[in-house]
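Today I want to look at how two chains sit against each other.

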Number of protein chains: 2
Amino acid sequence: MERSNGSPGEPPKERSGADRPPTIRGVAERAGVSKSLVSLVLQGSPRVSDAKRQAVLEAIDELGYRPNAAARSLVARRTHTIGVLLNDMRNPWFVDVLDGLNSLLHAHGLRMLMADGRLDRRTGQEFARAFQELRVDGLVVVGTLPDTTGLAEVAERLPTVIAGNHEPRLPRADIVANDDERGARLATEHLIGLGHRKIAHLAGQGLVGDLRRRGFEATMRDHGLAANAVVESGDGTEEGGYRAAVRLLSPARGGRRPTAVFAFNDLSGIGVLSAAGELGLDVPADLSLVGYDNTYLSRIRHLWLNSVNNASHEVGRRAARCLLDRMAHPDAPAAHQLVTPELEIRGSTAPPWDGVGAAP
Amino acid sequence: MERSNGSPGEPPKERSGADRPPTIRGVAERAGVSKSLVSLVLQGSPRVSDAKRQAVLEAIDELGYRPNAAARSLVARRTHTIGVLLNDMRNPWFVDVLDGLNSLLHAHGLRMLMADGRLDRRTGQEFARAFQELRVDGLVVVGTLPDTTGLAEVAERLPTVIAGNHEPRLPRADIVANDDERGARLATEHLIGLGHRKIAHLAGQGLVGDLRRRGFEATMRDHGLAANAVVESGDGTEEGGYRAAVRLLSPARGGRRPTAVFAFNDLSGIGVLSAAGELGLDVPADLSLVGYDNTYLSRIRHLWLNSVNNASHEVGRRAARCLLDRMAHPDAPAAHQLVTPELEIRGSTAPPWDGVGAAP
DNA sequence: CGCAGCACTTGGACCGTTCCAACTCTTGCG
DNA sequence: CGCAAGAGTTGGAACGGTCCAAGTGCTGCG
């Protein structure tokens, strides 16, 4: 039988029960060197003899030693961690942004700590607190925030980049987004070019929603079609798109119905698709439709939606670039970058039927 | 002009440039108390006089002090952080799992650190290293892992729960998943109940794919329809589902075509939808279709897919429960929980047309 | 009056690293 | 031979918290 606990009088070298994970001291002892030398080996210092380096590496392996990131970042005052704040994991476009972000950050030895602002019903203030306590080296805000009050304060202390949104404009936070107004122009020009005259826009919320609506209205005006522009407001969901489209397309509505719809995003565009189907309208024969974001939804064959590509991946890459720059020069003035969107043509638009609505 | 650096001889009280964030000592000094007392206030100890508590809170506010999580977890040997490993953020069902996980973990003061195994092309070994260095208090693996070799070792040291998958079975890792075989039976019974006889299954990969296929085959066998069961393999993507469906449904194929398809998941089910449309088959009039996972895709009106609800949210909740239990009792034997799935009826199934294929 | 007991407060050790100044050998050169 | 230079190695002081044993007053009781 073995003694499960040290006999009295014996110095309590090892505590019974919870055996802690090995530390740098344990490794040093096993390798017969000082903890400083182990630290040097861990950092790949060139001024360590091969013999000792070998001994240390073996000890690390035998003990299964893993450096403690907390202790390390405590003294180094860097965590190599970037906080990423998402507003809604259910909206698929952010995945591409993350992908773009990750490629660069990972190459620079940074890891991403993600939080969904909607998932944990935290206000801007609270997520800020959590990220500050963790001492993340930087912050990326992806998309629209429900509450931006806390952000200004955080941006003062932490390198911050806003990706996929144009606000809030802060003195020390960079902004990387796609040119929403221009994207809306692309979509609208495309529909006008096909011969459509009476065109509806299904608007979204926030500044991004405003910009896309503005682009639509400006383009209609430029073509002398201001009187034919219809705007219906939605909420960016499929359900909202469906309801708005029912209002737009019902025969009960006075005057001609629009022959084309430009939707705020793919999700609400799909709502339009559903409403059109129920009203017996074929897309694209009876109704042309353009969405926004070019998500994988638009690429589903059964939906096959024309959509404005907001270059999420590129936005993510550039946001990472910005963040790295800002981490190097925290006091640089805030930059504001726009990525040029492109229209992705698939199967949801066509010239208006029989020229109906084509006459000025 | 101000001196940018301390004059020689002057004790370097404050470093020029980077003014560090305030520490507990700074707060103590400002409030005129010891750092120990500040610590007590931070922990909400009842044995602090109201006067001093007030002074400390004011100092904290004035300085904008935030406790350093690294320092705190170093001595407490707890990080209050749970590592969450996702395999693919593009697959929408995990969002619900996360939601369920979060509700319980957040209530217990734990935060989630997410990593996408596919996003950073890390092998099982490497993510394990990162999480171990961070000393996360626990680990949740959501879905299928590309490489599980590292997991066994991690599970020995870290409370670990596997959610949404049935493998690998490890002595100290709990498993919470939906009963895939049973879900497949539900879907198949539903189709048989409608009168379908020749039914195809579009299979998926991994153990989950196997279980769903097995459930399908067993049910067909139980109804004496083994000879009418067709299995085509796919890869869980829309593209894969499309191609498999083209193979399944093309008139060129000898014998009668199946009148119903049970797809491994919603995404590949949508591929089937697309293929059916191109081949001129109406769903559900000419072809019945059932998917799996009950993702928001299946709820899109224009798709409106019958789907097996895998209770992701409940899986997430139970996984959190398991993890909390295991953190309390690390040496408890591994538990293996199955959540019962339910079939969600929408618009993608109907009795076979004119009884074709209904005769035994 | 002396002192036990309570309420509150404090200094200092410790957590597991990194970093720096200082130390010990070798080696080579004048 | 003496010593400077360099390579390799080391102890100890941070880093910013928590926790514990010990301290300080003050009150009330014998």
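What rotation superposes chain B on chain A? I get 180 degrees with 0.0 Å of shift along the axis, at an RMSD of 0.1 Å (least squares on C-alpha atoms of residues with pLDDT of at least 70 in both copies). That is the relation of a two-fold axis. The same surface serves both copies, as 100% of the contact residues of chain B recur in chain A. B:Ala70 comes closest to the axis of the residues of chain B, its C-alpha at 2.3 Å.

Ground rules for my notes: this is a predicted model, where local features need pLDDT of at least 70 and side-chain atom pairs count only at pLDDT 80 or more, while totals for chains, interfaces and linings use all residues. Residues are numbered from 1 along each chain as its sequence is written, chains are lettered from A in the order in which they are written, and side-chain values use heavy atoms, without hydrogens and water.

Next I looked up the contact (heavy atoms within 4.5 Å): 54 residues come from chain B and 54 residues from chain A. The two chains bury about 5200 Å² between them, 55% of it on carbon and sulfur atoms (accessible area, 1.4 Å probe, lost on being put together, summed over both). B:Arg66, B:Arg301 and B:His302 supply 15% of what chain B buries against chain A, more than any other three residues.

Then I checked salt bridges (Lys or Arg side-chain nitrogen within 4 Å of an Asp or Glu carboxyl oxygen). The rule finds four across the interface. I noted the one joining B:Arg301 to A:Glu238, at 3.9 Å from N to O.
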